[in-house]
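Subject: Model for your review

Dear colleague,

I am handing over the structure below and would be grateful if you could look through it alongside my notes. What I found follows directly after it.

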Amino acid sequence: MNKILLIIKREYLSRVKKKSFILMTILGPILMVGIMIVPIWLSMQKTEKQKVEVIDDSFLFTGLIQEKDIVHFDYPPITIEQARAGFFDTEYDAILWIPKNVLNGGQNGINLFYKKQLSNSAQQHIQYSISKMLYEVMLAKNKVNVNLIKDAKDKSTFTMITTQVDEAGNDKKTNTGLYMGIGLVAAIMIYVFIFMYGVQVMRGVMEEKTSRIVEVILSSVKPFQLMMGKIVGVALVGLTQFLLWVILSATLYGFAAATILKDIDMKQIQAKEEIIKIGENLDFEKMGKNNQPTEIAQLWNDFKSVDMVDILLCFLFYFLAGYLLYSALFAAIGAAVDSEAETNQFMLPITIPLIFAFGIAQTVMQDPQGQLAFWFSMIPLTSPVVMMVRLPFGVPPWEIALSMGLLVLGFLSTTWLAGKIYRTGILMYGKKITWKELGKWLFYKG
Amino acid sequence: MNILSAKNIVKRYATHTAIDDVSLDIPAQSIFGLLGPNGAGKTSLIRIINQITGPDSGEIFFENEKLSPKHVEQIGYLPEERGLYKKMEVGEQALYLAQLKGMKKFEAKKKLKYWFEKFEIDAWWHKKVEELSKGMQQKVQFIVTVLHEPKLLILDEPFSGFDPINANIIKNEILNLKAQGSTILFSTHNMGSVEELCDNIALINRSKKIIDGSVKDIRKQYKSNLFEIEFTGNMMGFTNSLWTFGKLGEYKADGEMCKAQIQLTPGSTANQLLSSVLTAVEIQSFKEIVPSMNDIFIKKVSEQNSIGTQSNFTE
């Protein structure tokens with residue numbers, strides 16, 4: 001037992017001390033938080049106010065396009081030819097040209113000439129503002145009450161509330177999209193973790209075999225101890241990395257939220273106030289956007305309604321048990337072959353169930369309580385991935401218990417099988433290994 | 001007393017029998033040579049003694065106790081195919097392997113220091129193994145094998161890969177360890193080192209033991225009463241003086257100096273032969289030709305192999 005601990009310690013420390021591990025651990029969260037934050041941060045950057053000169057041949061918009069913090073409009077009384085001729089001597093970044101016949105189907109003739117590309121939001125702002133104004137003008141021209149339309153629109157848009165009712169008669173808000181998201185993220189993580197660390201176990205075993213240190217070690221410990229020590233050591237490396245990622249990501253995100261993103265709430269509040277101020281005005285630009293804060297809040301509420309603690313515990317279980325099941329098989333492969341090139345023929349049959357489980361995840365999401373979902377969340381080779389997809393939708397406790405029990409049985413038997421192949425293969429050099437040969441090894445004595 | 005006794009060991013693999021009913025007795029505080037051509041089953045037997053694999057039948061006793069995992073700490077093993085973790089530091093690795101053999105960390109550190117200084121490699125402690133030459137790595141491996149002061153030291157081809165200087169250092173260390181009370185079991189093809197070092201041997205061929213015993217006895221057993229006489233004088237006179245005591249074999253005459261091999265006739269003694277030739281020529285040297293282990297090895301192995309082939313033919 002003491003010796004297993006020694007092996008675990010070596011396997012763990014030798015990996016954790018590696019530069020690649022440290023780099024991955026630091027870069028991972030930076031990358032993750034970066035992906036989340038950079039776009040938000042970029043969009044919030046106070047860009048220099050861009051200046052647009054508006055040549056409005058229709059005279060419908062002169063002086064009326066709404067100013068914004070990022071874009072300013074001037075309306076010089078010149079023709080488009082004049083404007084374009086002197087464009088490069090002016091301070092303007094762009095010329096917006098609205099043709100005369102804009103109300104009679106000429107709206108596609110609206111042109112923006114620029115020397116420096118306008119920011120995406122500035123361009124969108126121009127487009128929305130003009131579109132909105134055109135819409136209002138059109139309606140007014142036909143004597144339609146704008147408020148009526150706005151009212152109708154407001155009263156006909158809705159988001160359906162879905163509620164799950166449990167046995168005790170309590171209501172539980174559900175959000176299918178969110179569940180899919182959680183399930184998918186968990187399934188991807190389990191899939192990646194099993195692959196990444198399973199292959200690490202295989203490489204480690206091969207390293208011991210090809211460097212021929214294995215015979216020295218086996219004169220001190222049993223092959224099974226060496227194999228289990230490696231598997232557990234690598235599992236701890238995986239857990240460490242995962243934990244560090246969570247902690248680092250949370251810290252980084254917290255830090256970012258406290259500094260860079262502090263302004264964003266302010267902005268949202270401002271946006272809300274603006275809407276109130278604009279009041280009855282049908283605001284196209286904000287139609288889409290003003291729902292966002294409430295949507296986020298709603299999502300957050302739904303998120304809190306999911307039993308995250310249970311899911312996290314199950315995740316850790318399936319994460320570890322799935323890894324144990326597969327890594328034993330990976331260890332057996334590493335022991336059976338002499339070189340990386342030979343691993344392919346054995347890797348494929350092992351990875352197929354894992355890839356398959358991932359492949360049917362989509363179908364499982366559509367019908368999380370169906371036959372397919374049920375059976376593949378019971379079979380140990382696929383259950384870690386498939387069960388994680390099902391879990392957020394709610395799975396009866398007996399099914400979870402059965403699936404977990406089967407998975408434990410599964411990894412005990414793969415470890416037992418792998419141990420037999422391992423102890424023969426690890427001392428076998430220069431022999432081309434076939435499946436038949438592996439089968440024979442299962443029946444060798446000690 | 002025997003430190004290790006193997007009784008009727010059999011090990012079978014799917015298609016062949018690696019060890020067929022082999023028994024060995026290794027006396028304590030001696031050097032025991034396990035000889036045999038490639039593929040004879042030496043490594044299989046050594047692995048069984050190290051409890052890396054188990055025999056299909058037969059038993060092994062360590063100091064009269066049935067061999068069990070607790071004996072691992074009293075055995076040191078240097079395999080023929082040996083290696084170290086390439087990316088690990090030398091000192092750290094030696095400590096790890098010593099701890100696996102059951103040593104305490106501080107104790108292992110102290111002893112490692114002693115050995116590293118003795119082999120003049122203390123500067124390598126923090127070097128990675130991949131930075132070391134093959135010979136340097138072998139020194140480290142040797143140290144790791146003997147560090148826990150095992151009662152039984154098993155060395156599989158210990159001299160392969162060493163240059164003559166390092167091989168000599170290792171040879172002296174082996175003798176040293178024997179003097180301090182260790183028993184050494186080593187397998188080798190190098191017959192010169194067998195005669196020099198071994199007290200006892202066992203020769204294994206085609207999974208079976210074909211000879212065992214002390215080196216002295218075996219050589220005595222295989223000697224054939226062949227003598228070599230160097231003399232100055234007349235060759236013809238010398239031949240005549242042999243009488244019936246011996247038969248002239250190969251000879252070489254270089255002017256006055258002659259060297260001749262004489263096969264003693266059965267029933268005669270070396271003294272009779274010597275006193276008879278004394279009167280005819282001037283003797284420079286007189287010695288019995290004892291077969292070397294190398295000769296015995298080749299003779300026995302090829303004998304058995306040709307019998308094997310013949311029986312295959314008749315089948």
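In this predicted model, strand β6 of chain B (residues 75-78) is covered on both faces, with B:Ile75 and B:Tyr77 buried on one side and B:Gly76 and B:Leu78 buried on the other. Here a residue is buried if 20 or more other C-beta atoms, placed from the backbone, lie within 10 Å of its own, exposed if 12 or fewer do, and partly exposed in between; helices (H or I, at least four residues) and strands (E, at least two) are DSSP runs, numbered from the N terminus. β6(B) pairs in the parallel sense with strand β7 of chain B (residues 152-156) over four bridges, where pairing requires that DSSP find at least two bridges between the strands, and B:Tyr77 stands opposite B:Ile154 of β7(B).

As to conventions, residues are numbered from 1 along each chain as its sequence is written, while chains are lettered from A and ligands numbered from 1 in the order in which they are written. Local features need pLDDT of at least 70 and side-chain atom pairs count only at pLDDT 80 or more, whereas totals for chains, interfaces and linings use all residues.

Turning to the interface, 22 residues of chain B are in contact with 18 residues of chain A, contact meaning that the C-beta atoms, placed from the backbone, lie within 7 Å. On the side of chain B that touches chain A, β6 and α2 (90-100) each supply at least two residues, and α2(B) gives the most, with four.

α2(B) also packs against helix α3 of chain B (residues 105-118) at an angle of about 125°, with the axes 9 Å apart; axes are lines fitted to C-alpha atoms, for helices over the stretch in contact, and angles run from 0 to 180 degrees between N-to-C directions. The two helices, α2(B) and α3(B), are therefore oblique to each other, given that angles under 35 degrees count as roughly parallel, over 145 as roughly antiparallel, 65 to 115 as roughly perpendicular and the rest as oblique. The contact involves B:Gly91, B:Ala94, B:Leu95, B:Ala98 and B:Gln99 of α2(B), together with B:Lys105, B:Ala108, B:Lys109 and B:Leu112 of α3(B).

Elsewhere in chain B, helix α1 (residues 42-49) is mostly covered, eight of its eight residues being buried, including B:Lys42 and B:Arg47. Just after α1(B), B:Gln51 takes a positive phi of about 60°.

Chain A, finally, has 18 helices and six strands, and buried residues make up 29% of its 446 residues.

Best regards

Methods:
Two residues are in contact if their C-beta atoms, placed from the backbone, lie within 7 Å.
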